[in-house]
Amino acid sequence: MKKIFLFIFAIGWLIQPTLAQEKKQLAFEHVVDQTFSPDEIRSVNWMQDGQFYTALERTQNDIELRKYNILEGDYEVLVSATDLQVDGREKPIPIQGYQFSSDEKKILIKSDVEQIWRRSTRENYFVHDLETTETKKLTQSNQKQQYAQLSPLGNKAAFVQDNDLYLVDLETGEEKAITEDGKFNHIINGATDWVYEEEFGIAKAWYWSPDGNRIAFYRFDESYVKEFFMTDWGELYPGLTRFKYPKAGEKNAIVKIGVYDLESEETTWMDVGSENDQYIPRINWTKDPEVLAIRWMNRLQNKQDLMLADVNTGDTEIIKTETSDAWVDVNDDLKFLENQEQFIYVSEESGYNHIYLYDMSGRQIRQITKGNWEVTNYLGYDENSDKIYYVSTEESPLQRHLYSINIDGSGKTKLSDGEGWNSINMSRDYEYYIKTTSSPGNPPTYTLHKGDGTQVRMLEENEMLEQRLSEYAMPSKEYIEIPLEQATLNGYIMKPHDFDPQKEYPTLFYVYGGPGSQTVTKSFSSGQRATWHKYIAEQGYIVVSVDNRGTGARGRDFEKQIYKKLGQYEVVDQIDAAKYLTETYDFIDEDRLGIWGWSYGGYMSSLVLAQANDLFDTAIAVAPVTNWRFYDTIYTERFMQTPQMNPEGYKKGSPITYADQIEGNYLLVHGTGDDNVHFQNSVELVNKLVAEGVQFESMYYPNRSHAIYGGNARKHLYKMMSNFILENL
């Protein structure tokens, strides 16, 4: 028996390496193809009746707008692109976006979309009547429009064209200009300027009143904002893209809020104070169609007033003021209740982001959620059950879980289980929700649940991706805590599948590190950047990421200690974390450390290489800010005040200041068409590097934006970065 056992043991020992070798190897092509991309449920929009949702689905020859029965999973096609025919147009209308009228009898269809900036587009609009099956072009103009929306009654629509706001009667076809002073690079009505779009996250800047009788809108006067120019390469004589971009310390647009009355055909301007150097990050209609809520902020963004405006007179009353020693965050979580007596407000006034209930005079009734954790997504309040739904970090800053709680603060219930990351798409009546769940080793699954958490059915399990992943040799990811003197930081260590603890490995740090961000989460990592990290690990590297002070999900004090000191505490944390890891783990080769990042991460990698060139010898910086003086007012001054107020902070937080200290292998990458972090940042850093005699490598991508995509650009970028790491680290 002993001989047989030994024989079997020997055979098993011989087979093990053979089986391991049969695993497929990650190749560079996997970084840019869709091999490891999960299947998703796209464009889910709940209908008024929570029993149904709609989604756009592309078939082999068509695009269909489908209405799904959530319980059965079957569907009907409401309209397809081939059905959409209008006079004067030869081809069918490709559906690229849609919205229903409130009675869901009409659909406003968006097509021929042309991207402008990150969130802004212009397009053609068509109205399709589901009862008559008739399709009409929204306007007779030959130009494209922006931000069209049907009125609550569905008989009218409004849109922006050429910086003016227009109204159209769908029954008569009559069009009327609500504003007439719009002018390129001077006056914008109904849309935001570049900096509001990028930093406050809004592009559409007009809103129907609940009864459809009024339209509230923004007016931007950017006449005195300085222009920025980008060269459009490709022609014999290159062109120019011109747009107003307020850099830190420079003049902003002057913003006004108007309310247009459809019956009187007059606009009343709301009183937002005499101070022009201010921000109005949000406006919201209350449940009373004669009262508009306006959120006002000072330029430093450390004070926010919530005011209520009488839209008939323009008079305003401040009912709540929130202040901070650093900055006040802007969110969309202001909800007025049907009783017209109360509203829900979300803020971090307690030190962590939580949900509050107020009356309409601004008196706090109660703090609904409490604890040393953050509400990351307020999902809504079901007035029938008195339950509030939200997602939070209560389990861990690295995880997201769904909870419900009664509006009186009682009955808190956790509705998601396991360890990982959950995102929620809730029906309008709160009867159902779709939950997307993933964890580091498990691709996302999509499940349908009742409002009480009961699972109804599986929508998408991603079994094919699970199987595909099992066929490949994949790196492992270990989550760690790094106990530094200044703070305990969260991080992960990614190791190749054939990791040998007796060996020493070159190690690449991936950093973003900007305010409120996170790279260390217990979610499934897909996409090009995540796959590239796995590819690099499988080439015999350790990949590490650490969330420094200033990052999100850990409360106000952890995030906001970086105020006025961007690039200081964060850099110290990354350097100290690297020292800790090299001292703690023998398998990390302290003589072969590299760091890379994109945008804020490129800013960080540049500073780390400059200030710790004795520890790091390789860095890649993609599209970095190199001097906060070059970046926009809203983002920069939120964290740094103005350069006039904080010159020392701007100096200490600039990679240009430390350019002479950059040693080793440094690759600087930028797109010349980057409207966000301007190519100017890299040009000025290069100028200083040359003046200091610092050798480096650089690459620019003509006309590419901050994301560096289009054509072969993204594949080229990752191949170049791969070669740089493999050759230098």
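Asn 185 sits in the loop that runs between E12 and strand E13 (187-189); strands (E, at least two residues) and helices (H or I, at least four) are DSSP runs, numbered from the N terminus. This is a predicted model, in which local features need pLDDT of at least 70, side-chain atom pairs count only at pLDDT 80 or more, and totals for chains, interfaces and linings use all residues. Residues are numbered from 1 along each chain as its sequence is written, and side-chain values use heavy atoms, with hydrogens and water left out.

Is Asn 185 buried or exposed? Asn 185 counts as buried because its relative accessibility is 6%, where buried means under 20% relative accessible area, exposed over 50%, and partly exposed in between (1.4 Å probe, protein chains only). Setting aside neighbours within four places in sequence, Asn 185 touches Asn 163, Glu 222, Ser 223, Glu 227, Arg 242, Phe 243 and Lys 244; contact here is heavy atoms within 4.5 Å.

## The sheet E9-E10-E11-E12

E12 also belongs to an open sheet of four strands, ordered E9-E10-E11-E12 with antiparallel pairing. Strand E9 (146-150) and strand E12 (175-177) are the edge strands, each pairing on one side only. From one strand to the next, the twist averages 20°, with axes taken as lines fitted to C-alpha atoms (for helices, over the stretch in contact) and angles running from 0 to 180 degrees between N-to-C directions.

Inside that sheet, strand E10 (residues 156-161) and strand E11 (residues 164-169) pair in the antiparallel sense, with six bridges. Two strands count as paired if DSSP finds at least two bridges between them. What stands opposite Lys 156 in E11? That would be Asp 169.

## The sheet E1-E2-E3-E4

Another open sheet has four strands in the order E1-E2-E3-E4, again with antiparallel pairing. E1 and strand E4 (75-80) are at the edges with a single partner strand each, so one side of each has no neighbour in the sheet. As background, strands of a sheet pair through backbone hydrogen bonds, either parallel or antiparallel.

Strand E1 (residues 45-46) and strand E2 (residues 52-58) run antiparallel and are joined by two bridges. They make a hairpin with five residues between them, and Trp 46 has Tyr 53 in E2 as its bridge partner. E2 then runs antiparallel to strand E3 (residues 63-69), joined by seven bridges, in a hairpin with four residues between the strands. Ala 55 has Arg 66 in E3 as its bridge partner, while Arg 58 stands opposite Ile 63 in E3.

## Ser 427 and its link to Trp 46

Ser 427 lies in the loop between strand E32 (421-426) and strand E33 (432-439). Ser 427 counts as buried because its relative accessibility is 1%. Which residues does Ser 427 contact, leaving aside neighbours within four places in sequence? They are Trp 46, Gly 50 and Tyr 432, and Trp 46 is the residue bridged to Tyr 53 in E2. Ser 427 and Lys 450 are 23 residues apart in sequence, with 9.8 Å between their C-alpha atoms.

## Met 640 in helix H9

Met 640 is in helix H9 (residues 633-640). Met 640 is buried because its relative accessible area is 0%. Neighbours within four places aside, Met 640 is in contact with Lys 564, Lys 565, Leu 566, Trp 628, Asn 646, Gly 649 and Tyr 650. Trp 628 is twelve residues from Met 640 along the chain, and their C-alpha atoms are separated by 8.6 Å.

## Pocket and cavity

The second largest pocket holds about 1400 Å³ of space. Its lining has 36 residues, and the closest to its centre are Gln 149, Trp 285, Lys 287, Lys 335 and Arg 428. Elements giving two or more residues to this lining include E9, strand E5 (97-100) and strand E20 (278-285). By type, the lining divides into 16 nonpolar, ten polar and ten charged residues (Ala, Val, Leu, Ile, Met, Phe, Trp, Tyr, Cys and Pro count as nonpolar, Asp, Glu, Lys and Arg as charged, and the others, Gly among them, as polar).

How many cavities of 30 Å³ or more turn up in a search of the whole structure? The search finds one. The largest cavity has a volume of about 40 Å³, and its lining includes Pro 397, Asn 490, Asp 547 and Phe 558. On a 1 Å grid over the protein atoms alone, a cavity is a set of points where a 1.4 Å probe fits but cannot get out, a pocket is an open set with protein on both sides within 12 Å along at least five of seven lines, and lining residues have an atom within 4 Å of a point. Grid points are joined across faces, edges and corners, and a volume is the space filled by probe spheres set on the points.
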